[in-house]
Amino acid sequence: MTAHHAATVATPLPEAQPLLAVRDVTVRYGRFTALRDVTLDVREGAFHGVIGPNGAGKSTLMDAVTGSRRPAAGSVLFDGREIARSRIAARRRLGISRSFQRTSIFPELTVGEQLGLVGDHLGDQDVDAVLEIMSLAALRDRVAGTIAYGDQRRVDIALALLGKPRLLVLDEPAAGLSVEETDTLFEHLRTLVRERGVTALVVEHDVDAVFASCDTVTVLDLGQVLRSGDARTVRSDPAVIAAYLGSAA
Ligand SMILES: Nc1ncnc2c1ncn2[C@@H]1O[C@H](COP(=O)(O)OP(=O)(O)O)[C@@H](O)[C@H]1O
Ligand SMILES: [Mg+2]
């Protein structure tokens, strides 16, 4: 082997820039610090789960990423661009979309009408594709407020997919769903990530659902990152088991 060849082999590949980089983010509510120096990367194409006990700061972190809460300190980089102080709408235009429980905003409209309304607003006419991805085509003409709860949650995600976001942020999307409905929902999320190129950042109470679906997991505790990394490593980490999974592990 020539010296030149050896040198080429030894050159490390540059680390790919994460799609989302949260850097030393601190969020306060008055004198209470809900997040302290939180740093984490979300890789493009990841299905990234965030877990942690109630009050850990998970929702606050999603707020800092999507724009409903500005950090007191720190940086949020999306595709290399500083967005920590940008408005929600500006972030949405860049490709960060958050799902809210919105089926109840116009419960008298059909599923198709709701999607059409939001699609018009965002300049996305591709409602059929979104209905298809979320297995909602058969429910298109049903009044949104009358369909099953699990289907309504998939409508919420369908609404968030309009405008073709790069990063989908979900805060406990399976709250209130049965085990079967939760499975169906996560199956759709996996498909979005694997086949549609969406990057997903998902807070979820159901730890089993997270470890069954997510490739990367961040554990928050008391406003700080306890562990972050690939799902298998995090799951077997003694500190995670002790502090969070506890008797469930
Ligand atoms: N608007 C608010 N005003 C004051 N304290 C808040 C507010 N929102 C959340 N908190 C507090 O911040 C901490 C983190 O809350 P949150 O981000 O909702 O946690 P999680 O989603 O992990 O349950 C909790 O102690 C909560 O009581
Ligand atoms: Mg929360």
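Glu-172 is partly exposed, with a relative accessible area of 22%. In this predicted model, Glu-172 lies in the loop between S7 and H7. Its phi is near 50 degrees, a positive value in a residue other than glycine. Most residues other than glycine have a negative phi, so this one deserves a look on screen.

Lys-164 also belongs in this section: its phi is near 50 degrees, again positive in a non-glycine residue. You'll find Lys-164 in the loop between H6 and S7. Is Lys-164 buried or exposed? Lys-164 is exposed, because its relative accessible area of 54% is over the 50% cut-off.

## Helix H6

Helix H6 covers residues 149–161, and its length checks out: at 1.5 Å a residue, its 13 residues should span 18 Å, and the end C-alpha atoms are 19 Å apart, which agrees. Just past the helix, Gly-163 has a positive phi of about 85 degrees.

How many of the 13 residues of H6 are buried? Twelve are, so the helix is mostly covered. Among them are Gly-150, Asp-151, Arg-153, Asp-156 and Ile-157. The buried residues pack against quite a list of elements: helices H3 (88–94), H4 (111–122), H5 (127–133) and H7 (179–196), plus strands S6 (96–98) and S7 (167–171).

## The nonpolar cores

The largest nonpolar core has 42 residues. Leu-115, Ile-157, Leu-168, Leu-189, Leu-192 and Val-217 have the most contacts inside it. Which element gives this core its largest share? That is H6, with six residues.

Setting aside neighbours within four places in sequence, Ile-157 is in contact with Ser-99, Met-134, Leu-168, Leu-170, Leu-185, Leu-189 and Leu-192. Apart from this core there is another, of 25 residues, including Leu-19, Val-22, Val-38 and Val-169. In soluble globular proteins, nonpolar side chains tend to be buried together.

## One aromatic pair

A search of the whole structure turns up one aromatic pair. Phe-47 and Phe-186 are stacked, 6.1 Å centre to centre with 5 degrees between the planes. The pair links distant parts of the chain: Phe-47 is in strand S3 (residues 47–51) and Phe-186 is in helix H7, 139 residues apart. Both Phe-47 and Phe-186 are buried.

Strand S8 (residues 199–203) is mostly covered, with five of its five residues buried. Thr-199, Leu-201 and Val-203 point one way, while Ala-200 and Val-202 point the other way. In a regular strand the side chains alternate between the two faces of the sheet.

S8 pairs with S3 in the parallel sense over four bridges, and there Gly-49 has Val-202 as its bridge partner. S8 also pairs with S7, in the parallel sense over five bridges. In that pairing, Val-169 is bridged to Leu-201.

## Helix H2

Helix H2 (residues 58–66) is largely enclosed by the rest of the structure, because eight of its nine residues are buried. Which residues of H2 are buried? They are Lys-58, Thr-60, Leu-61, Met-62, Asp-63, Ala-64, Val-65 and Thr-66. After H2 comes Gly-67, with a positive phi near 115 degrees.

Notes. Residues numbered from 1 in each chain as written. Chains lettered and ligands numbered in written order. Predicted model: local features only at pLDDT ≥ 70, side-chain atom pairs only at ≥ 80, totals over all residues. Heavy atoms only, no water. Helix = DSSP H or I, 4+ residues; strand = E, 2+ residues; numbered from the N terminus. Expected span 1.5 Å × (residues − 1). Buried < 20%, exposed > 50% of the residue type's maximum accessible area, 1.4 Å probe, protein only. Contact = heavy atoms within 4.5 Å. Core = buried A, V, L, I, M, F, W, Y, C linked by side-chain atoms within 4.5 Å. Phe/Tyr/Trp six-rings, centres within 6.5 Å; stacked < 30°, edge-to-face > 60°. Pairing = 2+ DSSP bridges.
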